[in-house]
Amino acid sequence: MARTANLAQAGVLDIAPVDPIPSGSSKINVGQNERWLSVGAGLLVANIGIRRGGIGGVLLTALGATLALRGASGYCPINDALGRDTSDDKTETNVLEISKSVTINKPREEVYQFWRKLENLPQFMRHLEDVKQTDERRSHWVARLDSENIAAKALPKVEWDADIVEEEENSRLVWRSVPGATIDNSGEVRFVDAPGNRGTEVHATIKYRPPQGIVGEAVLKLLNPAFKQMVKEDIRRFKRLMETGEIPTNEGPSGRKPETINPALRQPIQNTQTTPQQDTPQSQTKPSITDESIVL
Amino acid sequence: MRALCYNGRNDLRVERVPDPEIVNPQDIILRVIMSSVCGSDLHLLNGYVPTMQEGDIIGHEFIGEVVEIGPDVKKLRRGDRVVVGSIIGCGECSYCQSQSWSLCDNSNPNAYMVEPLYGYSPAGIFGYSHAFGGYAGSHAEYIRVPFADRGCFLIPEGVKDESAVFCSDAFPTGFMGADMADIRPGDTVAVWGCGAVGQMAIRSAYLLGAERVIAMDRHKHLLEQAKNNSNAEVLSIDEIDIQEALKEMTGGRGPDRCIDAVGMEAVSSSPQYYYDKAKQWVRLENDRPIVLREAIKACRKGGTISIIGVYGGFVDSIPMGAAMNKGLTFKMGQMHAQKYIPRLLDYVANGQVDTSDLLTYKMPLEEGQRGYDYFNSKSNNTTRVVFTP
């Protein structure tokens, strides 16, 4: 049997009790037969479209591609709008899980309070653009891929609202995205005293439902290890910021060419180096927190 | 500025690169006064350490003058003459706070590169591959030093540059080798390797109470220096049966403490060398642990093996049975510069230890390739080459 690293679902970690509510495109609402018909029809239409060329061809190709995608993904926005659900048994995509932890050599209250001010999170969470707390429980999150990659640029910004559904001051936070999120997600962050005055253990578990039905699930299962690494790097940056007040980096003009290869992910890194400023007086040198970008 | 850049195996060139700038609040910029070659650079140049990239500036053993200071630096002033530890420590994580600076949790921005192989990442090192942080090295006119309050130490007046530069890496590494060996009065210490680090281990062993030090190498001039300047009894490994010699020189007991100051690129004329070399060639082995095997066999029962020579990956045919059944203690690690440097500067300042004799040639950066060629082959009586950018 394959060994699982989904520790919360396997019961190894007692964390993240709440699953994300399936909403939007993580629901399956097209039945099995209808799906195959869609794929077939779609490919046929798309094929005609490509042969014809021209504007009509583009339109037909687009229609065909949409039908094929609908068939493959099992999600039809038109069905959803009509409240029509022709699916047979499986109604939700599976929940994927990421669990990572880190020990921070600081008191638990300090670590918790920094995290609890959600506006702080983009300081160390690489792919978060902005977090705003809109009321006591609800917050608005904006994530983006900081990449020059054309495919990544074509992706929309990912935005969602999340509610804190459980909170224990200085020890735990449980959240869940509000239905309608681009990616339905939930999770828990727990803050525990590390034994022997070793500081604070931060345990983070994120659960999410892949969008675009079963195709999305297959793709994201492949990407899940990379996502895990991103979460790991995020909480590592959190530790570094909390312990040292800065995030150590080899970026910026440090006298050598920027790193061009990211062997962990085998993808080119974009040059995020700031333009060297000439003759900057000491007092105006702003400390900046940079770190290498991880590109999907 | 000008910098000595890696361009592939044994291909070093001086290039014009952007000047470093303050990036983080605890950074300083140092004008490099002297920057030494180090044996561990040879592992980079000879292609034994992956994750080097063309254009990387190498060098990690250096002294310099503070020219720019980040807003959160408290102890340093412009114009200070400082020696910098080769390995970067944040000073705040649990490892730094327990004086295990080379295990710093925070100073390696590329920790994720080492973790798949090592499980957890050690500290970042200046100019020592991307897996160890991807920081620019010191063979350059200027260098950015992160966590400067922790890693920079004022050089006392009266201590020459030529002595101070070796307090950056060679002396602390050698000293840590002797410190880890847990030397007791009356002990005989065997040291493999008489390069700068090995000789500092010899001198440190005496400082820490060793009765006798027996040192081994294959280069005549290094053995001479170890004998004359470091006061060791010396054995040439190509001419003497080391196992027999160590046993009979110690009344049949064997040396109490054994220090490996050679590491992964050990060379000998024994069949073992060709065995390991062949395995490396077909990538069945990363490192050649010839010294380690010898030390385990030679060490007395219940003795200590202290490893300061660098290993990178996997080694083969370690006589674990001998080690286990003889009850040996193993201690090893990259040196904790910030723990030792203040004490070592005192030794140098009050004349208890001289380090300046390790410097054989002073060269400009432009002669970098020649300097490393001398050093790699140990030709022209080279112990150490130091660059003066």
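Biologist: What makes strands β3 and β4 of chain A a pair, and in which sense do they run?

Modeller: In this predicted model, six bridges join β3 (residues 138–143) of chain A to β4 (residues 158–168) of chain A, and because pairing requires at least two bridges, the two strands count as paired; they run antiparallel.

Biologist: How do you know that the length of helix α13 of chain B agrees with what a helix of its 13 residues should span?

Modeller: At 1.5 Å a residue, the 13 residues of α13(B), 337–349, should span 18 Å, and because the C-alpha atoms at its ends are 17 Å apart, the two values agree.

Biologist: Why are helices α6 and α13 of chain B called roughly perpendicular?

Modeller: Their axes come within 9 Å and cross at roughly 100°, and because angles from 65 to 115 degrees count as roughly perpendicular, α6(B) and α13(B) are given that name. The contact is made by F171(B), P172(B), F175(B) and M176(B) of α6(B), together with A337(B), Y340(B), I341(B) and L344(B) of α13(B).

Biologist: What classes of residue make up the contact of α6(B) with α13(B)?

Modeller: The contact has eight nonpolar residues, with no polar and no charged ones. The buried residues of α13(B) include A337(B), Y340(B), I341(B) and L344(B), and what covers the buried residues of this helix includes α6 (170–180) and β5 (81–84) of chain B.

Biologist: What makes you say that both faces of strand β12 of chain B are covered?

Modeller: In β12 (residues 304–307) of chain B, T304(B) and S306(B) on one side and I305(B) and I307(B) on the other are all buried, a word used when 20 or more other C-beta atoms lie within 10 Å of a residue's own.

Biologist: Which strands pair with β12(B), and in what sense?

Modeller: Strand β11 (residues 257–260) of chain B pairs with β12(B) in the parallel sense over four bridges, and four bridges also join β12(B) to β13 (residues 329–332) of chain B, again parallel. Residue T304(B) stands opposite R257(B) and opposite T329(B).

Terms used:
Residues numbered from 1 in each chain as written. Chains lettered and ligands numbered in written order. Predicted model: local features only at pLDDT ≥ 70, side-chain atom pairs only at ≥ 80, totals over all residues. Expected span 1.5 Å × (residues − 1). Buried ≥ 20, exposed ≤ 12 C-beta atoms within 10 Å, placed from the backbone. Contact = placed C-beta atoms within 7 Å. Axes fitted to C-alpha atoms, helices over the stretch in contact; angles between N-to-C directions. Parallel < 35°, antiparallel > 145°, perpendicular 65-115°, else oblique. Nonpolar A, V, L, I, M, F, W, Y, C, P; charged D, E, K, R; others polar.
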